[in-house]
Amino acid sequence: MLSLCNRNCHDEKNSLALAPRSSNWDFVIGAATVFALRLRVAFIGKHTLFTGLLGHFMRWLGGIPVDRAHPEGLADAMVVEFARRDQLWLAIAPEGTRKPG
């Protein structure tokens, strides 16, 4: 991530594919890295995580809720997000890359 940042930190819009995803700790480690580098990175997450106080926190972290039961239109929704924002770095961890257990 440091070499990426050294080259592209001033880009206004970017998308990052993060893999392999090996555990739920990847989110914690990724968030710590983002804070350490003082980056503002968005991510998509399960819509049920965006309710109540947890929802406010997830949005503050940069989360964008997604209803995984109805994935149609996700690409169009991300196009809209990129168009409406002046700056957006979107980090995506491919589904199914986390090891069971």
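Visitor: Which residues make the nonpolar surface patch?

Guide: In this predicted model, the patch is made by F35, L49, L54, F57 and W60. Its area is about 520 Å².

Visitor: Which helix gives the largest share of it?

Guide: Helix α3, residues 52-61, provides the largest share of the nonpolar patch, with 3 residues.

Visitor: And F35, where does that one lie?

Guide: F35 belongs to helix α2, which spans residues 25-36.

Visitor: Why does F35 count as partly exposed?

Guide: The relative accessibility of F35 is 49%. Partly exposed covers the range between the buried limit of 20% and the exposed limit of 50%, so F35 counts as partly exposed.

Visitor: Turning to confidence, where is it lowest and where is it highest?

Guide: The lowest confidence falls in helix α1, residues 2-8, with a mean of 49. The highest is in α3, at 93. For the protein chain, the mean pLDDT is 78, and 77% of the residues reach 70 or more.

Visitor: What order do the elements run in?

Guide: Starting at the N terminus, the order is α-β-α-β-α-β-α-β, which comes to 4 helices and 4 strands.

Visitor: What share of the residues is buried?

Guide: Of the 101 residues in the protein chain, 23% are buried. The accessible surface of the chain comes to about 7,400 Å², and carbon and sulfur atoms hold 59% of that surface.

Visitor: What about contacts between residues 24 or more positions apart?

Guide: Among contacts with a separation of 6 or more in the protein chain, 57% join residues 24 or more positions apart.

Key: Residues are numbered from 1 along each chain as its sequence is written. This is a predicted model: local features need pLDDT of at least 70, side-chain atom pairs count only at pLDDT 80 or more; totals for chains, interfaces and linings use all residues. Side-chain values use heavy atoms; hydrogens and water are left out. Helices (H or I, at least four residues) and strands (E, at least two) are DSSP runs, numbered from the N terminus. Buried means under 20% relative accessible area, exposed over 50%, partly exposed in between (1.4 Å probe, protein chains only). Contact means heavy atoms within 4.5 Å. Accessible areas come from the Shrake-Rupley method with a 1.4 Å probe; for residues, only the protein chains shown count as cover. Patches are made of residues with over 30% relative accessible area and no salt bridge: like charges are joined within 9 Å, nonpolar side chains (Val, Leu, Ile, Met, Phe, Trp, Tyr) within 5 Å. A salt bridge is a side-chain nitrogen of Lys or Arg within 4 Å of a carboxyl oxygen of Asp or Glu. pLDDT is the predictor's confidence in each residue, from 0 to 100.
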